[in-house]
Amino acid sequence: MKKRQMYMRMITASLMRRRSRMLVALLSIAIGATVLSGLITIYYDVPRQMGAQFRNYGANMILTDADGSFTLSDMQQGTAVIPADALVGAAPYRYENVRIHEQPIVAAGTDMAGARATSPFWRVEGEWCSADGQILVGANVAESFRLKAGEMLTVSYTPETAQTQEDETVLDNTIDLEITGVLDTGGPEEDYVYMSLADLETLTGESGTIDVAELSVSANADELSSYVDRINASVPAVKAHLVKRVTASETTVLSKLQALVLLVTIVVLALTMICVATTMTAVVTERRKEIGLRKAIGASDRSIIGEFLGESMMLGGIGGVLGVVLGYVFAQQVSINVFSSSIRFQWLLVPITILVSILVTGLSSLLPIRSATEVDPALVLKGE
Amino acid sequence: MSLLELKNVYKIYGELHALDNVSLKVEKGEWVSIMGPSGSGKSTMMNIIGCMDKPSKGEVLLDGVDISKENARSLTAVRRDKIGLIFQQFHLVNYLTAVENVMLAQYYHSMPDEKEALEALDRVGLADRAHHLPSQLSGGEQQRVCVARALINYPEIILADEPTGNLDEANEEIVVDLFHKLHNEGTTLIVVTHDPEVAEVAQRTLVLRNGKLHKEIVNQNFTGKIHFDDMQEFRKEETK
Amino acid sequence: MFLRMIRGTLLRQWKKMLMIAFTIALGASLAAAMLSVMLDVGDKVNQELKTYGANITVVPKSSSVLNDLYDVEGEESAGAYLREDELGKIKTIFWAFNIVDYAPFLNTQANLDDGSEIQVTGSWFNHHMELPTGETLDAGIASMRSWWELKEGLWLDEQTTDENSAMVGAELAEAQGLHAGDTIHVTGTAADLLLHVSGIYDAGGDEDNQLYVPLNTAQALGGLDGKVDSIEVSALTTPDNELAERAAKNPASLTVAQYEIWYCTAYASSICYQIQEVITDSVASPVRQVADSEGAILEKTQLLMVLITILSLIGAALGICNLVTASVMERSSEIGLMKAIGAQNGAISGLVLTEIFITAIFGGVIGFLAGFGFAQIIGHTVFGSAITMKPMVIPIVAVLVVLVTLIGSIPAIRMLLRLRPAEVLHGGH
């Protein structure tokens, strides 16, 4: 029989036949590895997941006209620059002065689905518009004209020709729209009414142009400015700006949050690793007598260290594998519970976790093994 | 040349002289008992002979080599190559089977050989218990595994420290019979004990008192009779 | 004798006991640190989110509808204003402590010498206030417009500069060729003033075409002494729930008990309600863009921290359990001996438990202090401010330590009690 075979036989015997003791140690190592892989996965995923939350603040990029006429296709060219998975929403806006009950009101024509995506903070009492022929009224407008969801509203528009010529014979254009909801934002939007772009074009009789496009892009500050540069360079028809209030603040808060998770991870990791180390110390110290016996029957210090280290590292490896699995489960649960989306798995963490786990267990048992080998076998074997 | 020779050995702990100018010789193939009350220096002597401790003063010659000057590393090597230890507390590795415990000694000595280890267990009458864990063996059986482990590497000396201290009379007899067998095969035996019954079967009994060699009794009746067959019979009875 | 035995163990086995104490200290410090951070993270992140600006705006009641509509047409409204002398009252409401910052705004139109019409906004920059409570507060847009990028010069400092200073928007400055240190002549409806340009800002929005001046200067320009258009309030709020939403619509719909809960919780709607109580003829409403997002982010962050805390607590608990089990089991021979000389199971369990608990208390106290230190490190590194110590952390950590130590000892003690003395004293191992 080869020496190596006996070596493996001893280690497996120790692991298998001292099951309860080894399970205790394994549990502790597995916890350490779980914390390692779980928290680091979360740490790497926080900017992405939290970034999505920050999109609640609405548009962080706007496109405006650069060449005199801003059309929907200009906007589409602009948004095409941004990767589809980073673009949370894009909404075109065209503002016109219209009249409601003979009072001047600003009406915005937009793409309702896009507006909903870019401005998740809009609260609509009633329903969002889902088709043409519908209108959302701002809360202030609704209050001043006593409008309620479900009613029909006549919106009139005086064509520019009529305005300039003050020609009484030219009649205002009118359109009847169904109020689906009242918009509550706490901001200037409450003074406006919102309808689909098509309805506004019908009302004004002019089509094709928009004033501004709002974009909500899930990206960090550097990526955002690179998108802006690329849009400005590749699409001459539009000019892209960042909404500084949103982007600057997001960077500040997000970096703090990530620093928080990082620091917490470091503290938790350090303490768990020390925990693993003390457990391994206890596991080895418990076996001083066995080490003394091995010495007494002629084992050299090196072979004892080799055997115990091999055992610890094997334990570390198993714990590491367990930790990878449990850590992924934990991170996934956190992600689902907190962010309602699944986590992006970091494959690199698999070897790292296992390696770190082996190293920590190995190193933390090395010291007590060394000190145990220095013990006089006669003393260990004689006294209790 | 004697196999083992202690020349004016002292072991001093502070004020206490655990060994006080002890000299003795053990010849190859001899069976010697060391007796004495607690605190007489038995254990110290056993540790020094077993290469687990060094004397404060004096020479310890094993096979003509003075081991009192060696460092811990080479003492381990001497222990591994020349001495087989048997303990009162048996000291088996509790997660290894009987045969694996015997192989452990082979492993540190040279090469583990399961067949040889099984043969050694057969010699102590434990062939059928080879794959049991220590916890599944009786005290006597554990001590026999210990004997098998001690002799597996054909040591120059087998050093037994109170080998029967934890055994009942029946098992004590089995172990003593094993010693007879080993003696007949030419093994040098040094047995440290405080049990006169165990001590007096040896060829020579050295009595220690207060760290000094108090007296030496030579067993005039020592016949070297082979007790082997008796033991076989006894074991059969025991297993019934 | 009992005490003597315990003292004996603690003194003689101090190394082993130290290790247990150390592990318990680690666990306790982890628990204390994570709990402190978790309980304070809401406030801390809330503070950070203040960079998004005000989450409540206050406008005069009668103007809230029609004035804005007239503004659309660009007409000067004769509408209502808020009263400047009431501004201080915002810091006297029930949730005054949660009002982090606020600033009044007064918009007025003015002409420059070249005839161009610009909007001049009067506000506080770093307005110093002595509160009735004895505290002081520097409120104003210096902190509420944290995203403004200063291109030139300095922020206008109300304490050191005279009233005739202004901050100029980047686009306006470019159009007029203005630089920090220049003076600009502004003609308002009631007065004309020579203003000193203290700084030029880039806000990335409409404000870049405006002139920001101290409130009194704008009042002088527009002849609107003691008047304010709107107030922006930055408050620490609790994310809205169903109750808050119902209350926001109509506080009268609540039962007395619900009303109490709502009024005494820092919901945006209850703070709005309280502001309306102190500012005459005002309408305060949450800025959804800020308030809702804050709510979502706060909730997520807190939940995240709660889950991480739970993980680390489980980790710490299992670690302690492990070590306690291992170290108690180690003493099987000693306990076998005690049984052999006639100790009862109860006496043995009592002895072992007392020893472990003395160690646990020792380790727990040290760990708690260390954990609080860790929390402070996190607080200072991440948020630049200390983590507030919540008193409830102490009992939570204490209960955890006791529970975990107890649970960790149970399997070991059960095993010890099952020991038969003979086995321990013979068998050798």
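Let me begin with a helix pair in chain C of this predicted model: the axes of helix H2, residues 14–49, and helix H12, residues 345–383, come within 6 Å of each other and cross at roughly 35 degrees. The crossing in which H2(C) passes H12(C) is right-handed, and the residues that make up this contact divide into 23 nonpolar, eight polar and one charged. I quote both an angle and a distance because two packed helices are described by the angle between their axes and the distance between the axes.

Stepping back to chain C as a whole, we have 14 helices and 14 strands. The radius of gyration of chain C is 32 Å, whereas the globule rule gives 22 Å for 429 residues, so chain C, being well over that value, is more spread out than a compact globule. Along the principal axes, the C-alpha atoms of chain C fill a box of roughly 110 × 50 × 35 Å.

The domain assignment for chain C gives two entries, each made of two segments: domain 1 takes in 2–45 + 295–425, and domain 2 takes in 55–242 + 272–286. Between the C-alpha centres of domain 1 and domain 2 of chain C there is a distance of 55 Å. As for burial, 48% of the 429 residues of chain C count as buried, and if we take the contacts in chain C with a separation of 6 or more, residues 24 or more positions apart account for 78% of them.

Turning now to chain A, its secondary structure comes to 13 helices and ten strands. Here the radius of gyration is 34 Å, which is well over the 21 Å that the globule rule gives for 384 residues, so chain A too is more spread out than a compact globule. The box filled by the C-alpha atoms of chain A, again taken along the principal axes, is roughly 120 × 45 × 35 Å. Of the 384 residues in chain A, 52% are buried, and among contacts between residues at least 6 apart in the sequence of chain A, 84% join residues at least 24 apart.

Note on methods: Residues numbered from 1 in each chain as written. Chains lettered and ligands numbered in written order. Predicted model: local features only at pLDDT ≥ 70, side-chain atom pairs only at ≥ 80, totals over all residues. Axes fitted to C-alpha atoms, helices over the stretch in contact; angles between N-to-C directions. Helix = DSSP H or I, 4+ residues; strand = E, 2+ residues; numbered from the N terminus. Left-handed = near helix turned anticlockwise from the far one by under 90°. Nonpolar A, V, L, I, M, F, W, Y, C, P; charged D, E, K, R; others polar. Rg over C-alpha atoms; globule rule 2.2 N^0.38 Å. Buried ≥ 20, exposed ≤ 12 C-beta atoms within 10 Å, placed from the backbone. Contact = placed C-beta atoms within 7 Å. Domains from an automatic or database assignment.
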